[in-house]
Amino acid sequence: MGVQQADPRTSAEATVQVKVVDCDVHPALPTDLLLEYIPEPWRTQFYSGQLSEIEMTTPVYIPPVQTLRRDAVPPSGGMPGSDPAFLEKQLLRDGGVDFAQLIFLQPRPKPTHPALESAIFAGMNSFMADTWLGRHNRHGRYRGAIRVSPYDPEGAVREIDRWAGHPYINGVYVVPEASAPFGQPQFLPILEATARHDLALCMHVTRTPGMRLLTPVGHPSYHVEIFAQWPLYFFSHIASLVFEGVFETLPNLRIVCQEADFAWVPALMWRLDNEWRQLGSQVPHVKRAPSEYIREHFRFTTQPLDEPVPSESLLKVMDWLEADRVLMFASDYPHYDYDDPQWILPRLPKPARDRIMFENACDFFRLPRTRPRDEIDEAR
Amino acid sequence: MTQAEPNLATERPVKRTESVVVGRVEELPPGSVTIVPRGKFGIGVYNVGGSFFALTNYCLHRGAPLCRGQVTGKVVAGDGPYESKMVGVGEFLRCPWHGWEFEIATGRAVAYPEKAIRTYPVLVENGTVILEGL
Amino acid sequence: MPARADVIDASVHPLVRQPDELREYMAEPWRSLPFPGPHRYLFPTPTGVAPYGEYRSDARPDKGLPGSDPALMARHLDELGVGTAVLLPLCRGLLPNVDLGSAVCAATNDWLKANWLGPLNTEGRYVGTIRVNPEDPAAAAREIERWAGDPAFVQVGVPLEAHRPYGQRNYTPIWEAAARHGLPVAVHSEPGAGTDFFSTPNGYHRHHIEYHALFPANFIYHLSSLIAEGVFERLPELRFVFADGGFDVLMPLMWRMDLDWPISRIEVPWVSRKPSDYLRDHVRFCTAKLEGAPPEIRTEWFETAGGADLLMYASNYPHWSTMAAGEFFPQLPEDVRARVLCGNARELYRLPEPTPV
């Protein structure tokens with residue numbers, strides 16, 4: 001937004017210094033584009049008829065007005081995030097993003113049928129490799145996370161093994177609305193494969209319907225309630241991964257909690273540390289304080305950035321968090337609660353700005369600190 | 001601020017502000033918004049039921065292009081529990097990003113009435129809509 | 001630390017001497033029906049490793065369950081530095097037979113009155129909680145009416161575990177009755193072997209330490225519901241007490257609720273204030289032993305989070321996590337500690353000033 005300043009980092013040089021890594025971007029994937037990628041027998045069994053009869057159009061608990069920026073609708077029509085040229089313009093050019101981590105929220109999980117879920121995610125991964133990480137990635141600015149079903153461990157490991165080594169695939173995305181906490185043994189093969197291939201485990205909420213939405217006290221009524229409750233999915237996974245000793249078993253496992261904000265992380269760290277000091281003999285395999293594991297193995301994104309009054313409270317939380325170590329910028333383009341990188345930058349503590357806007361993400365997502373100058377830079 | 005009675009014997013200094021013609025009234029029908037490329041972000045000129053108002057095209061929340069948002073009404077609580085009704089259809093603007101509602105005539109945010117978008121005066125003269133106060 | 005007459009302990013859990021003692025206060029057929037015992041079955045507290053069982057070992061009288069001996073409790077409360085104690089008896093969990101659940105609550109109230117709030121309570125050291133069954137709102141409202149005139153009862157009590165969030169409309173008669181009588185509603189996790197849902201949104205955790213670390217945060221499911229459904233708008237006098245703690249995660253979760261409140265107005269237009277604005281007028285939290293920032297940032301965190309307004313000291317006696325009054329953030333300024341140790345509870349429960357010793 002706003003007037004473009006002359007960008008001192010672009011010049012006649014062939015490379016550009018990275019300044020903004022966006023750790024959460026959502027291209028849209030309409031089901032009809034996915035069809036040809038869905039493997040058999042699933043394509044014939046489920047997708048022979050009307051797509052609208054099998055795919056979910058509108059989840060429950062979405063914000064009541066809009067879930068997407070209204071100004072992100074491409075000029076050609078279609079869903080925000082569906083037009084690669086327009087996404088490039090709005091996010092990379094106007095937003096000034098150097099690298100974007102792509103997380104596909106379509107197709108929706110199939111919680112009742114893990115094998116089908118594996119199949120459609122495998123199709124999505126192929127689509128992503130062909131398109132957004134393929135012909136739309138000439139500039140090399142996109143990275144993507146493959147999707148796997150946590151409930152089909154063999155299929156998930158096969159899929160991870162299949163894509164490991166792809167130059168633009170650096171993550172494995174699993175939906176955190178889960179039927180068991182991820183530290184439990186049934187998930188270990190997936191975490192092991194992820195760590196073995198030096199991929200990042202990505203967690204991003206989707207609002208999968210049914211029992212995954214069940215809270216300890218039943219089903220809430222409104223979006224505004226569950227929006228406050230989302231972090232508790234992450235509380236559960238983080239506590240499980242720590243107290244089941246997964247980080248002792250997999251010292252190289254890296255995990256990012258996307259679109260989960262970060263203000264709750266200090267309180268969770270304190271709470272788990274206090275519990276561990278008192279009750280830690282229950283879990284002797286947990287050798288270090290939970291907060292140490294959390295800072296070492298987890299990253300969190302800035303989005304959606306809270307707006308406390310007074311605003312200094314957010315800076316205090318960043319301080320308690322050691323945000324310079326664990327926080328990474330994300331825009332969540334093209335969702336309604338998009339955080340513009342230029343709007344965010346001055347609101348970060350000055351000494352931590354570079355770390356949050358790109359350094360932590362370059363380290364975590366294995367990105368270079370420079371990239372080739374491309375036609376998008378020319379257009380700015 | 002009260003204005004002094006005109007003193008015919010002396011000249012009062014007049015503050016000059018820029019104004020720009022937006023268009024003919026018939027080109028800007030009720031319910032329409034026209035974004036005038038002035039200022040850093042543009043200014044949206046609205047026709048609300050025949051009256052004209054103008055707002056900066058920049059949401060005070062996070063910098064969205066405010067005037068790309070929906071013109072709508074405001075939902076308010078009804079009389080009984082869980083009752084609601086929409087009032088002022090056409091008088092409110094919803095930001096295209098986080099959905100904050102603003103009253104077009106005043107620029108005031110519905111959720112936080114102490115916050116308001118900057119407004120500009122709009123004049124209609126001889127069927128021409130003129131944006132002032134630039 | 002010597003007992004301070006002014007310290008109010010907002011959550012103490014007396015127990016029957018033995019499980020079936022409760023039946024003495026029940027009519028037939030409930031008296032003869034089976035129901036779970038007073039201990040938590042799911043997520044058992046290990047006995048061979050910390051914390052070595054659910055209760056402090058020294059809280060077990062020679063005969064009887066922990067917290068069943070008034071003399072022993074009185075002595076322990078003195079040692080904890082407590083003056084007045086709000087007794088919050090726990091029931092038998094979520095029972096599928098709602099009438100049985102209501103009968104257990106009513107019997108608990110009769111037992112509490114007879115054993116703890118009656119003739120033995122001459123110094124008024126104890127005040128009590130009216131236990132009600134949220135699964136039967138009409139019966140719950142009647143039970144509140146039954147005790148509301150008795151000044152020994154200062155609040156209503158419901159379990160943290162539920163089948164619907166507490167803001168939803170089926171509960172309206174209960175909160176109306178509580179608000180009508182100026183009685184706060186305390187929410188506390190319930191033991192038993194009942195029809196609880198999972199304790200996290202991801203299902204069961206395997207270790208007690210995980211369960212214990214996570215369950216107090218579940219207050220947010222009820223709190224966000226109460227706000228979003230407009231309960232505090234319709235009942236301006238209603239107050240809720242989250243007696244299992246969770247204050248440490250309150251601020252960041254409410255920041256999120258505030259963030260998406262403007263876009264939600266179309267769906268919940270009756271929420272006339274930013275959600276966190278409801279806290280001071282309607283919500284309190286009990287302290288918990290294992291909560292809070294490390295000492296070096298504790299004061300800054302406490303001020304930022306507004307602990308002085310929202311917290312009430314609770315020992316949680318006789319559970320293993322019993323906290324003495326003196327253990328509550330000693331480095332805080334004395335006037336802030338006084339609000340947490342007594343001021344906030346005195347105001348909430350409308351308790352008299354202590355008589356000088």
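Visitor: Is Arg280(C) buried or exposed?
Guide: Arg280(C) counts as exposed, at 55% relative accessibility. Here, buried means under 20% relative accessible area, exposed over 50%, and partly exposed in between (1.4 Å probe, protein chains only). This is a predicted model: local features need pLDDT of at least 70, side-chain atom pairs count only at pLDDT 80 or more, and totals for chains, interfaces and linings use all residues. Residues are numbered from 1 along each chain as its sequence is written, chains are lettered from A and ligands numbered from 1 in the order in which they are written, and side-chain values use heavy atoms, leaving out hydrogens and water.

Visitor: Thanks! Which side chain meets Arg280(C) in a salt bridge?
Guide: That of Asp309(C), at 2.9 Å from N to O. A salt bridge here is a side-chain nitrogen of Lys or Arg within 4 Å of a carboxyl oxygen of Asp or Glu. The pair links distant parts of the chain, 29 residues apart: Arg280(C) is in helix H10 (residues 279–282) of chain C and Asp309(C) in helix H12 (residues 307–310) of chain C. Helices (H or I, at least four residues) and strands (E, at least two) are DSSP runs, numbered from the N terminus.

Visitor: And Asp309(C), buried or exposed?
Guide: Asp309(C) counts as buried, with 17% relative accessibility.

Visitor: Switching to chain A: which residues are linked with Asp377(A) in a network of salt bridges?
Guide: Asp98(A), Arg141(A), Arg371(A) and Asp374(A) share that network with Asp377(A). Asp377(A) pairs with Arg371(A), their closest N and O atoms being 2.8 Å apart. Asp377(A) is buried at 5% relative accessible area, and Arg371(A) is buried too, at 2%.

Visitor: What about between chains: how many residues of chain A are in contact with chain C?
Guide: 69 residues of chain A touch 68 residues of chain C, where contact means heavy atoms within 4.5 Å. Together the two chains bury about 6,000 Å², 64% of it on carbon and sulfur atoms. In chain A, the most area is lost by Pro216(A), Val217(A) and Arg271(A), together 14% of what that side buries. Buried area is the accessible area (1.4 Å probe) that two parts lose on being put together, summed over both.

Visitor: How many salt bridges are there between chain A and chain C?
Guide: Four. In one salt bridge, Arg206(C) meets Glu244(A), with the closest N and O atoms 2.8 Å apart.
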